[in-house]
Amino acid sequence: MGLVLVLSGSSCASYNERTYMALEQFESGRFGEAIVAYREDGVTDSKFLKGAESGTVAFVDGRWGAALKFFTQASQAVREVEDESLLHPERALESLAAWTVSETLTDYHGEGYERALLHSCLGLTYLALGKVEDLLVEVRRSNALLEAEEELYEVEYGAGGMGHFISALGYELRGELDEAYIDYKRMEAKGLGGALVGSSLVRLARTLGRENDLAHWTKRYGEDTPPSPDAARVVLIAGVGAGPLKREGRLEVMTDEGLLAWAVPQIQLRPSPVGHVVLEANNLDAAVSSVIIEDVGRIRAKNLDDRLALLATRSTVRTFLKRALRNSVEEEHGEWAGLAADIFTSVSERADLRTWSTLPDTWQAARMFLPPGAHELTVTAQGGQTVPLGVFELEPGETMFLMARTLRRRLHVQVLGGNPLTTDQPTPAASVPVEG
């Protein structure tokens, strides 16, 4: 009976198959249907993924309260795992079921980098809600988890850029420019943010009176005309493309003593027609292009590569344990029992394909300083859709946020802040504090 139960559990549909319809609904812009699908029992088969996937969909749709609820559920589901990984990173490698039967029989708590990104997404949601202090709490958690993951695999991922960026935004909103400056420096050290971070370092070094730093940054990034003290700013944060999925890499060898089977996950890339996003102020004939602040696809591939040796070792241990079981069963019950055991080995040895599939391939950002007053804004996904946002009145010192996501060639934009002066644009989803 135990063998039958294990066989039944391991022969169920893969994560990609179970979530295919939900992912298709999400990428087609049918967000309500996608949320319902991801919330159904048995679809994700993981409390972490149930919250993370549905939270991402709600966020893209501008449902900030629902996104906060779902992301928080995902966070709560893995809180003990996170606490343990912060205290003892090496224990994240332990799982009896994974060593003895199948990776897919273990509860999925997210990869380490996924848990770190979850807190960045929570921080981004708090930013959309205007809760800056909560944003900073989540980013600190994200940074700690990422550092634990890097310690575990003795590697630097060049990750955490989105967390640093929204943290810097939060500190700028609070007028704590020294703290914002530190976050931008961390991004620069990781090679993230390009010209966006370079101009931020020049601007803040000048404002803070750090002459030596200013000389260093201007030499590296060039002179940057300082914005007017009463300038408004528009910040675009965009998820671009579709992050990679996992597919199964498999090898089966029939020997005189029975079947040997190995299965490990491999990265399945999903190329995007959109490379970056452009923000335009049409009335000023001004435009800025987004730059990458977090390369999710690259981090996911690197993280899996670091874990591949462990996953292959687990698969090897399992297949030899199953062969020993097969030989014992055949000796006791005959050739047909051995054949049944070979079938069990083939069916039960499956790679774990669970992954946070609604994440973008990259997180990107852009920022534009504008004089107070009325501005006509447009956002364009290069290689995809253009979305005219309409005309907005911006107050002195105000920050408007645009939360965007490209899905295939389509572009979805949520507006936070600003006073709409025309009726053909999205209604601002929430107000955002004035800087300082």
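A residue is called buried when its relative accessible area is under 20%, exposed when over 50%, and partly exposed in between, with a 1.4 Å probe and protein chains only. By this criterion, Ala22, Leu23, Gln25, Phe26 and Glu27 are buried in helix α3 (residues 20-27), where helices (H or I, at least four residues) and strands (E, at least two) are DSSP runs numbered from the N terminus. Just after α3, Gly29 takes a positive phi of about 85°. The model is predicted, with pLDDT of at least 70 needed for local features and 80 or more for side-chain atom pairs, whereas totals for chains, interfaces and linings use all residues. Residues are numbered from 1 along each chain as its sequence is written, and side-chain values use heavy atoms, with hydrogens and water left out.

Helix α6 (residues 64-77) packs against helix α9 (residues 112-128) at an angle of about 155°, with the axes 10 Å apart. The two helices are therefore roughly antiparallel, a term applied to angles over 145 degrees. In the contact (heavy atoms within 4.5 Å), residues of α6 including Trp64, Leu68 and Phe71 meet residues of α9, among them Leu118, Leu122 and Tyr126. By class, this contact of α6 with α9 has 10 nonpolar, 4 polar and no charged residues.

Strand β4 (residues 277-281) pairs with β5 in the antiparallel sense over 4 bridges, and Val278 has Ser289 in β5 as its bridge partner.

Methods
Two strands pair if DSSP finds at least two bridges between them. Axes are lines fitted to C-alpha atoms, for helices over the stretch in contact, and angles run from 0 to 180 degrees between N-to-C directions. Angles under 35 degrees count as roughly parallel, over 145 as roughly antiparallel, 65 to 115 as roughly perpendicular and the rest as oblique. Ala, Val, Leu, Ile, Met, Phe, Trp, Tyr, Cys and Pro count as nonpolar, Asp, Glu, Lys and Arg as charged, and the others, Gly among them, as polar.
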